[in-house]
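Visitor: I have a structure open and would like to learn how to read it. Could you take me through it feature by feature?

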Amino acid sequence: MAYLTLKNINKIYPNGYHAVHNFNLEIEKGEFVVFVGPSGCGKSTTLRMIAGLEDISNGEFLINGKRANEMGPREREVAMVFQSYALYPQMTVYDNIAFGLTLQGVDEEVIERRVQNTARILGLTDYLDRLPRALSGGQRQRVAIGRAIIRKVGIFLMDEPLSNLDAKQRVTMRYEIAQIHRETGATTIYVTHDQTEAMTLADRIVVMKDGYVQQIGTPYELYYKPANVFVAGFIGEPPMNFVRGTVKNGCITMGDNSLDLGKKLKDISKYEGKEIVLGFRPEAISLADDGEGYPIRCRVELTEMLGDNTNVYITAGDQQAILKVDSHDTPDTDVDITFTIPLESVYLFDAETEKVIG
C-alpha cells in the first residue's frame with residue numbers, strides 16, 4: 001500500500017475556476033516527489049490540499065490507507081516550508097527552530113537535544129544565538145527547513161523554497177536539501193517551476209500544465225521518454241528543438257533539407273499529408289555529416305560561449321533551432337555548417353494531439 005494516495009483530486013473554487021483536474025498519484029514512504037510546471041498550473045494548489053490548507057472539492061486523499069480529506073493540518077502530521085522564510089524576527093535562530101516544540105510543551109532538555117541535532121544537520125550550530133536579520137538568505141531558508149524537520153513528522157511539504165535565493169545559493173541549497181532528505185528519510189513533496197531543481201532532487205517528477213498532469217516519471221524517463229510536446233519542451237536546458245511540417249512522400253523539410261521520416265517510423269505512410277512535429281535536443285547532435293541520421297545544412301546566426309559549451313543559434317529556411325556544442329568546436333557566425341541528428345535522438349509527435357508517436 002502506498003503511503004500517500006491521491007485519487008481523482010479536483011479543486012474547483014466558488015467562482016467556478018477549475019484549478020486541478022483529476023489528479024492521481026501514489027507516493028511511497030521516504031520518496032522525494034517534485035511537482036513542476038509553469039506558474040498557474042495547479043502545483044501549489046495541489047500541495048496545499050495535501051497540507052490541509054485548501055479543501056479538496058472532490059476526490060480522495062489517503063495517508064497510509066486512511067482517508068484524510070476531513071483531517072486538519074495538525075492531524076495529518078505534515079510540516080511545510082513556504083516560499084517566504086516566515087521567521088520570527090525578534091527570536092534567535094535557536095528559538096525559531098524550537099518554536100513548534102515549545103508550543104507543544106516539550107521538555108526543555110529534549111528541545112535542546114533536538115535543536116542541536118537539527119542545527120548540526122543544517123550547518124547552523126554557530127548561528128543559534130543570532131537573529132534572522134544577521135543571516136544570509138540561504139541561512140534563513142535553512143532555519144525555516146530546520147523548524148520543519150525538528151518536528152519529526154512523516155511528510156515534508158516544500159513550496160518553492162529556493163525562489164528567493166540567488167543562483168549560487170540555489171545550487172548550494174539544492175545539495176543541502178538532498179542531504180537532509182538522505183538523513184531524515186522523510187516523505188517529501190517539493191513544488192517548483194525550475195526544471196533543474198526537479199531533475200536534480202526528485203525520485204519522481206509530476207509535470208503539470210493548466211491543472212492537468214502531463215506525465216509522471218523519473219528524471220531519466222521525462223528526459224529520454226517524454227509523453228508529449230509540452231514535457232519534451234519543458235524538461236531540458238536549452239529546451240528541445242521542434243521542427244513542424246507536413247509529411248510529403250514520407251518526408252518533412254527543414255530549410256533545404258528533406259528528412260526521411262521512414263528512417264525513424266516504419267508506418268509513416270499513415271501520416272502522409274498530415275502535420276507532424278520532429279523534436280531533437282540541442283546537445284544530441286554532432287557537428288559533422290557521418291552519413292547516418294539526419295544531416296542538416298543550416299546558417300549560424302549567433303553563438304553564446306558559456307564556458308565548457310556554446311549555444312549555437314541556427315536557421316534552416318524558416319525553421320530555427322539551438323545547438324549545444326563543445327566550446328572548442330564553436331563555429332563562426334554568418335557561415336553555413338552541417339550538423340547531424342542521430343536517429344536515436346529524434347522524437348516524433350502528432351501535431352494535433354501533441355502526443356509522442358512510437
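Guide: Start with how the chain folds back on itself. Among contacts in the protein chain between residues at least 6 apart in sequence, 66% join residues at least 24 apart. Keep in mind that this is a predicted model.

Visitor: What helices and strands does the protein chain have, and how many residues count as buried?

Guide: The protein chain has nine helices and 19 strands. Of its 358 residues, 49% count as buried. The C-alpha atoms fill a box of roughly 75 × 45 × 35 Å along the principal axes.

Visitor: How do I read a nonpolar core, and which residues have the most contacts inside the largest one?

Guide: In soluble globular proteins, nonpolar side chains tend to be buried together. Here the largest nonpolar core has 46 residues, and Ile97, Ile145, Ile177 and Tyr190 have the most contacts inside it. Helix α5 (residues 137-149) gives the most to this core, with five residues.

Visitor: Take Ile177. What is it in contact with, leaving aside neighbours within four places in sequence?

Guide: Ile177 is in contact with Phe32, Ile145, Met158, Pro161, Leu162, Tyr190 and Leu201.

Visitor: Which residues of helix α3 are buried, and what do they pack against?

Guide: An α-helix has 3.6 residues a turn, so residues three or four places apart point the same way. In helix α3 (residues 93-103), the buried residues are Val93, Asn96, Ile97, Ala98, Gly100 and Leu101. They pack against α4 (108-122) and α5. After α3 comes Gly105, with a positive phi near 75 degrees.

Visitor: Next, salt bridges. How many does the structure hold?

Guide: The structure holds nine. One of them joins Lys11 and Glu54, with the closest N and O atoms 3.4 Å apart. Lys11 lies in strand β1 (residues 4-12) and Glu54 in the loop between α1 (43-51) and β4 (58-63), so the pair ties together parts that are 43 residues apart in sequence.

Visitor: Are Lys11 and Glu54 buried or exposed?

Guide: The cut-off for buried is under 20% relative accessible area. Lys11 has 7%, so it is buried; Glu54 has 18%, so it also counts as buried. Lys11, Arg48 and Glu54 are linked in a network of salt bridges. Lys11 also lies over the face of Tyr13, at 4.9 Å from the ring centre.

Visitor: What about Glu176 and Arg142?

Guide: Glu176 forms a salt bridge with Arg142, and their closest N and O atoms are 3.2 Å apart. This pair links distant parts of the chain: Glu176 is in helix α6 (residues 167-184) and Arg142 in helix α5, 34 residues apart. Glu176 is buried at 18% relative accessible area, and Arg142 is buried at 14%.

Visitor: How many aromatic pairs are there, and why is the pair of Tyr220 and Tyr224 called tilted?

Guide: There are nine aromatic pairs. The ring centres of Tyr220 and Tyr224 are 4.7 Å apart and the planes are at 40 degrees, so the pair is tilted. Both residues lie in helix α8 (residues 219-224), four residues apart, about one turn of the helix. Tyr220 counts as exposed at 53% relative accessibility, and Tyr224 as partly exposed at 43%.

Note on methods:
Residues are numbered from 1 along each chain as its sequence is written. This is a predicted model: local features need pLDDT of at least 70, side-chain atom pairs count only at pLDDT 80 or more; totals for chains, interfaces and linings use all residues. Side-chain values use heavy atoms; hydrogens and water are left out. A nonpolar core is a set of buried Ala, Val, Leu, Ile, Met, Phe, Trp, Tyr and Cys residues joined through side-chain atoms within 4.5 Å. Buried means under 20% relative accessible area, exposed over 50%, partly exposed in between (1.4 Å probe, protein chains only). Helices (H or I, at least four residues) and strands (E, at least two) are DSSP runs, numbered from the N terminus. Contact means heavy atoms within 4.5 Å. Rings of Phe, Tyr and Trp (its six-membered ring) pair if their centres lie within 6.5 Å; planes under 30 degrees apart count as stacked, over 60 as edge-to-face and the rest as tilted. A charge sits over a ring if NZ of Lys or CZ of Arg is within 6 Å of the ring centre and within 35 degrees of the ring normal. A salt bridge is a side-chain nitrogen of Lys or Arg within 4 Å of a carboxyl oxygen of Asp or Glu.
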